[in-house]
Amino acid sequence: MSDEKNDIAAHVRALAAFLVANDLQQICIEREAETFEVARAPVQKESPVRAQPTPAPRARVEQIASDRVGIFHFSRTTPYVGDVLDGDRELGYVEQLGIRNPIRSRGAGRIVAVLQADGDLVDYGRPLFEVERS
Amino acid sequence: MFSKILIANRGEIAVRVNRACHGLGAQTVAIYSQADKDAMHVREADEAYCVGPGPVGRSYLDVANIVSTALATKCDAVHPGYGFLAENARFAEICSDHGLVFIGPKPSVIAAMGDKATAKRIMKEAGVATTPGSDILESAQKARDAAKRIGYPVLLKATAGGGGKGMRVVERPEDIDRAFASATAEAEASFKDGRLYMEKLLLQPRHVEVQVLGDEFGTVLHLGERDCSVQKPSHQKLIEEAPAPNLTSKQRHALHEMAVKACKSVGYTNAGTLEFLVAGDHVYFMEMNTRIQVEHPVTEMVYGVDLVKEQIRIAAGERAAYVQRDLQARGHAIECRINAENSQNNFAPEAGTVSHVEFPDGPGMRVDSHMYAGALVPPYYDSLLAKIVVHGETRDEAIARMELALRETTIEGVHTTIAQCAEILATREFREGRYDITFLPRLMAGAASR
């Protein structure tokens, strides 16, 4: 490994230790031309409790569904029920043949249901989240 | 043997393959489109996953979603059925790249035999008779030159073609430029490949095909021939039978020998079908289908072999379970395709909901179908509802049994081809087994002898 790569690895390790010591989810350091961002991966055990799909979507509640078949994962900032979305945000992704297909909130609102757990196999049209639009 | 197989298809063939997998102790994973969510193949598989909306391009042809389903469900093999991705060499290759066994021949063989002009060249080199024709025609001028050499009438065909798309009959030199342009455009639109080649148009030939099975150890077996000459003007088959009636033993032997020779020359493995045109005393290779055929049950009925199970066993690396001398045809089998079609509307495919279904049952009768009362016939897919298959000790007995089977078949909610099949069976030409590929178009035009 080159010296430069060793430096980067040492930086990342130090940031990861800082993250754990201070019980933080994510840290971002910008200096000169470099940006370091380190985040904790969502742990399946800590993922939100799976809720049953709402039988008939209520007014102003939109379902966000998967359009790919693959393994669903939450984004680095795990979305929870009650989270307020200021704008379009990546909530998770469907991993398919090594490619991450992002699942986005498609606008602002409030998450009212998280319907899949991290690591679930999802198919086409499978509801993933319910978002109440303001 | 495989522990779990993904069935990359729908309809009756998905149900048929599912049965074979379960018979071999393998679990199954079905895929379906949103239009097929209540389909029989979804209910009968051990697991089922939606791969897209109704249109085939976004569901049954979505390679990424299908392969991802197979991997995520820990399948070890994929059975493609027929149609859709069954003869897509790239799909077979992608399966293999991801550690999935594609139940079919090697991708290189699919590619070579799927390209009709290449397949004809390979067969010619292997000493198999092919219809007089040309290689790929790069221009209308080349088409004019080829037609002059071969002699009119000629047939322009799309090398990537099937189902009559990109095909034109040209009877006179003055029509060839226009036919070349329109066939190229149609082939380009249908297959994203506008390349054409030319064949001598044989007058009143019969369509006879030979079933083969090859294993990884170099064994190639034939399971006799089927006559598939009852075809609509669109070249869609409607009734098939095995063995083919009124072939001389010399012709029959020549067909079987050519099929085995051709398969050995390309190292063919798994199930396949070589299609021939029989014109007078001549037998010409037409094309090869590197998959299971719709009409495979007639062969199964006369040979007592489960071809789909054999496909799976061979793909799992087992030796063919038979030797040629064990494979003896017994009796006669006929298949009628019951499609959702409206005879009042030029037999156009029909979508709808089947409200009531009754199928025949009894000795020598078999029905391959995915229909049930309440089943939806979506507009996106082929219109096949059921295959009624009968077996008799003689051809006459098989015809009589089929007439009974058709009378006992009821499908309500959509128009079907039941009456049309019964009409064909009643004609003198069919009963005498003296029909060719012009028979059904003539019958539909009211010109065939009844």
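Start in chain B and select helix α4 together with α3 (63-72), β4 (77-79), β5 (101-102) and α5 (107-114): the buried residues of α4(B) pack against these elements. Contact here and below means heavy atoms within 4.5 Å. Helices (H or I, at least four residues) and strands (E, at least two) are DSSP runs, numbered from the N terminus. The whole thing is a predicted model, where local features need pLDDT of at least 70, side-chain atom pairs count only at pLDDT 80 or more, and totals for chains, interfaces and linings use all residues. Residues are numbered from 1 along each chain as its sequence is written, chains are lettered from A and ligands numbered from 1 in the order in which they are written, and side-chain values use heavy atoms, with hydrogens and water left out.

Stay on α4(B), residues 89-97, and show side chains. The buried ones are B:A89, B:F91, B:A92, B:I94 and B:C95; buried means under 20% relative accessible area, exposed over 50%, partly exposed in between (1.4 Å probe, protein chains only). Now look at the two ends. At the start, a side-chain oxygen of B:N88 comes to within 3.0 Å of the backbone nitrogen of B:R90. After the helix comes B:G99, with a positive phi near 80 degrees.

Next, jump to B:K232, in the loop between β10 (220-231) and β11 (237-242) of chain B. Is this lysine buried or exposed? B:K232 counts as buried because its relative accessibility is 7%. Its side chain makes a polar contact with that of B:E341, at 2.3 Å. A polar contact is a pair of N or O atoms within 3.5 Å; within protein, one must be able to donate a hydrogen and the other to accept it, and residues adjacent in sequence count only if both atoms are side-chain atoms. Other residues that B:K232 touches include B:L238, B:F347 and B:P441.

Now for the interface: colour the 11 residues of chain A that contact 19 residues of chain B. Zoom in on A:R68 and B:D62, whose side chains form a salt bridge (3.1 Å, N to O). The rule, a side-chain nitrogen of Lys or Arg within 4 Å of a carboxyl oxygen of Asp or Glu, finds one such bridge across this interface.

Finish in chain A with an open, antiparallel sheet of four strands, ordered β3-β10-β8-β5. Its edges are β3 (61-65) and β5 (84-85), each pairing on one side only; strands pair if DSSP finds at least two bridges between them. Five bridges link β3(A) to β10(A), residues 127-132, and A:V61 sits opposite A:E132.

Conventions:
Lists of a residue's contacts leave out its neighbours within four places in sequence.
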